[in-house]
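Subject: Handover of a structure for your review

Dear colleague,

I would be grateful if you could read the account with the structure open beside you.

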Amino acid sequence: MLIERTPRASNPAARGDRRHPAAAWAVLVACVLLLTGTALCWGFARRPWGLAQLYFLVDFTDCAVYGSVAWLILLRRAHPVAWLLALTGVGGGVAALGAQYADLLRVHPGLPEIDWLASARHWGWAPGMLSLIVVLPWLVREGRLPVGPRVAVTVGVAVVGSFELFQLTWPGPGGTGSGAPLPIPSAAWAALTERAQPVLAALVAVLGLVAAAGALLRRRVAPAVERVGLGWLAVGTALLAVSFAPVALPPDWGVLVSPWLPPVAMLAAQAFFPAAVLAVVLRQRLWGIEIAVRRTLVWFLLTFLLVAAYVVGVTTVDALLPASRAVPGVLVTAVVAAAVQPGRWWVQRRVDRLIHGAAAEPLGVVRGVGDRINASEDPADVLHGVAQALTDLLRLGACGIEVDGPEPCTAHCASPGPVGEPLVLPLRRGEREVGRLTAWARAGERLDGRTRSALVDLLPLVSSAASLAAASRALVASRARLAEARDSERRKLRRDLHDGLGPALAGIALGLQAARNLIGADPAGAGPLLDRLRDETDQRVEQVRDLARGLLPPVLGERGLAAALHELARRYDGSGLAVLVEAAPSPLPEPVATAVYGIVAEAVRNAQRHSGAATCRVVVDRGADGLVVRVSDPGRGIAAGTPAGVGMLSMRERAEGVGGVCEIGAGERGGTTVTVRVPADRLPPYDEERPAVPGPTAVIVGAVRR
């Protein structure tokens with residue numbers, strides 16, 4: 001089940017991700033009006049198709065494409081790139097409308113002459129289109145610009161501004177008039193403009209290629225999350241730069257370059273540039289339009305590639321087989337038809353990779369997560385590696401993994417900047433929930449369907465990694481507790497030997513020395529002293545036996561757990577605590593019997609020392625589900641908030657050491673109950689004919705049966 005939580009900050013401005021919906025709709029409306037006016041002028045002018053109309057098509061396409069892209073971005077975030085795209089769209093629309101209105105004036109000279117509009121085809125497109133080439137590629141990034149890109153942007157703005165200045169103020173050849181909106185009537189200025197514009201055009205081409213190289217360099221050195229779309233951005237920038245290069249060539253070199261190259265290259269760049277900008281700037285902010293973007297881009301690219309392949313193929317085969325005109329067309333048509341499905345698959349994969357990043361290839365994400373797990377030398381770092389891999393590969397704002405259990409652990413990894421809406425997914429092993437995976441989108445984003453599906457597909461892998469990390473932490477903690485319990489038992493044994501048995505033996509030695517001195521001087525007085533020393537020695541021998549039985553009673557290995565518990569109960573006779581044992585003989589593995597005996601001995605010792613009760617009941621129940629041992633007393637119980645001492649930790653560690661659990665709590669009628677459960681898979685097969693709970697013949701030691 002998917003659980004979505006309320007975003008931590010619902011105000012976009014508070015997250016540093018402001019939007020401008022009013023500006024977005026203003027750009028869209030302006031572009032729609034410009035496109036409509038251009039289409040009407042073109043329809044009424046009915047000019048023949050030629051090279052000038054191809055440039056008009058470039059401006060018309062810029063208005064439609066970049067106006068739409070600017071509208072999408074401004075609706076979702078305020079990024080400097082959006083304003084450049086809006087300038088390109090509106091400027092392209094003004095240039096296209098100006099070109100068609102100038103053609104319309106030739107057909108209908110009675111229309112009013114609007115000089116600034118008729119000349120817009122020369123200056124309207126320049127600020128936006130040139131900025132796409134030399135400025136925008138440096139701005140398609142997050143955060144503050146480094147020094148190098150800032151210098152490149154400054155130089156690019158200066159070049160674009162100078163080019164536009166000459167376009168607006170050009171007075172025509174020799175200053176005779178050009179229709180520019182702000183002409184400077186000077187022959188010297190006209191000569192300067194004619195000399196400077198080719199130089200500026202060459203600078204635009206060079207700076208565009210430098211910007212494309214910068215995008216490729218960023219794609220190589222940037223983190224994986226920042227690489228998406230940079231390759232396509234570099235291709236689009238290079239195409240635009242190359243398309244603008246012929247403008248800088250001298251007039252007598254025009255025969256070396258086809259006049260159709262610049263507009264065709266500009267149109268071809270639209271297959272890469274807008275989609276790359278959308279993917280890089282919006283990332284996952286496509287909210288409901290990713291399907292339309294993917295399908296449109298796949299259709300456009302596939303059509304472009306197939307048409308190009310057909311034209312190139314027919315031209316090549318026709319040159320090789322000039323005798324027949326039917327063979328080239330049929331042959332190339334068959335080849336192109338056969339390449340449609342593989343081509344679509346090839347294009348689809350790259351478009352998905354462009355828009356969705358690693359989420360488009362779940363196996364790649366699985367491989368990346370597996371590599372992070374494999375690279376974590378310390379099992380405790382596994383969770384952090386998985387969270388880091390999911391954040392990087394799926395372009396998340398943050399990722400957190402929480403694991404429940406006796407040793408809970410968490411891991412959290414966040415990308416720079418604020419985060420948006422979270423998605424919480426449960427981690428399960430079988431039917432048991434072991435934790436949660438929380439994924440946050442980036443600020444202003446939502447997790448798209450592809451990313452959600454990738455996260456759901458990765459849940460089993462993440463659950464296994466979480467269980468591994470939790471088990472590792474539990475093992476480390478268990479080892480630490482075992483070491484502490486072992487050291488505590490050793491300290492207790494040392495204390496008993498040093499403070500009890502040691503001084504007693506020293507006293508016996510002194511008594512023997514005194515008895516030796518009395519034998520010669522007062523033989524009658526030496527007898528009572530030797531009797532007292534014999535009694536003291538007998539007591540210390542019994543103390544040593546008690547210590548040995550406390551560690552591991554011989555009867556446990558010889559006759560089993562039930563007999564050892566009965567012997568334990570007999571040792572408390574006369575202590576003020578009656579121990580009642582209900583246990584039928586049952587074969588148990590030595591580790592299980594030893595652990596259970598140690599837990600019962602510790603529980604009875606605690607009851608005798610701290611409960612104040614007169615009785616303590618020990619019940620051993622062996623069934624098909626495993627072994628259950630309960631030690632209960634009706635005493636004062638354990639006060640709330642009492643920290644677990646060495647004895648309690650020792651009991652839990654003994655139970656965990658044989659795969660069981662030890663629970664310590666209040667009894668049904670007050671007092672304290674210690675319950676030990678050992679699963680059946682740690683025990684020999686259960687014999688149903690043997691009663692699990694002793695019947696009337698069960699031996700109860702230390703009290704009369706009730």
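**The sheet and its helices**

Eight bridges join strand β8, residues 626-633, to strand β10, residues 672-679, and the two strands run antiparallel. Please bear in mind throughout that this is a predicted model.

As for solvent, β10 is mostly covered, with six of its eight residues buried.

These strands belong to an open sheet of five, in the order β6-β7-β8-β10-β9, and the pairing within the sheet is mixed. The edges are taken by β6 (578-582) and β9 (661-666); each has a single partner strand, so one side of each is left without a neighbour in the sheet. From one strand to the next, the twist averages 10 degrees.

Two helices may be considered together with the sheet. Helix α20, residues 561-571, packs on the sheet and touches β6 and β7 (615-623). The direction of α20 makes about 165 degrees with that of β6. Helix α21, residues 590-611, lies across β6, β7, β8, β9 and β10, and runs at about 10 degrees to β8.

**Salt bridges elsewhere in the chain**

Side chains of opposite charge can pair when their charged atoms come close. The count of salt bridges comes to eight. One of them joins Asp404 to Arg436, with 2.9 Å between the closest N and O atoms. This pair links distant parts of the chain, as the two residues are 32 residues apart: Asp404 is in the loop between β2 (398-403) and β3 (409-414), whereas Arg436 is in strand β5, residues 432-442. Asp404 counts as partly exposed because its relative accessibility is 37%.

Arg436 also meets the side chain of Glu433 in a salt bridge, at 3.8 Å from N to O. Glu433 is likewise classed as partly exposed, because its relative accessibility is 37%.

**A buried glutamine and a nonpolar surface patch**

Two further sites may be of interest to you. Gln100 is found in helix α3, residues 80-107. Its relative accessibility is 0%, so Gln100 counts as buried. Apart from neighbours within four places in sequence, Gln100 is in contact with Thr38, Cys41, Trp42, Gln53 and Phe56.

On the surface, Val147, Val151 and Val155 form a nonpolar patch, with about 250 Å² of accessible area together. Val151 lies in helix α8, which covers residues 147-169. With 48% relative accessibility, Val151 counts as partly exposed, because the exposed class requires over 50%.

**The chain as a whole**

The secondary structure amounts to 22 helices and 10 strands. The chain has 706 residues, of which 45% count as buried. It exposes about 36000 Å², and carbon and sulfur atoms supply 62% of that area. Among the contacts in the chain with a separation of 6 or more, 69% are accounted for by residues 24 or more positions apart.

Yours sincerely

How values were computed
Residues are numbered from 1 along each chain as its sequence is written. This is a predicted model: local features need pLDDT of at least 70, side-chain atom pairs count only at pLDDT 80 or more; totals for chains, interfaces and linings use all residues. Side-chain values use heavy atoms; hydrogens and water are left out. Two strands pair if DSSP finds at least two bridges between them. Helices (H or I, at least four residues) and strands (E, at least two) are DSSP runs, numbered from the N terminus. Axes are lines fitted to C-alpha atoms, for helices over the stretch in contact, and angles run from 0 to 180 degrees between N-to-C directions. Contact means heavy atoms within 4.5 Å. Patches are made of residues with over 30% relative accessible area and no salt bridge: like charges are joined within 9 Å, nonpolar side chains (Val, Leu, Ile, Met, Phe, Trp, Tyr) within 5 Å. Accessible areas come from the Shrake-Rupley method with a 1.4 Å probe; for residues, only the protein chains shown count as cover. A salt bridge is a side-chain nitrogen of Lys or Arg within 4 Å of a carboxyl oxygen of Asp or Glu. Buried means under 20% relative accessible area, exposed over 50%, partly exposed in between (1.4 Å probe, protein chains only).
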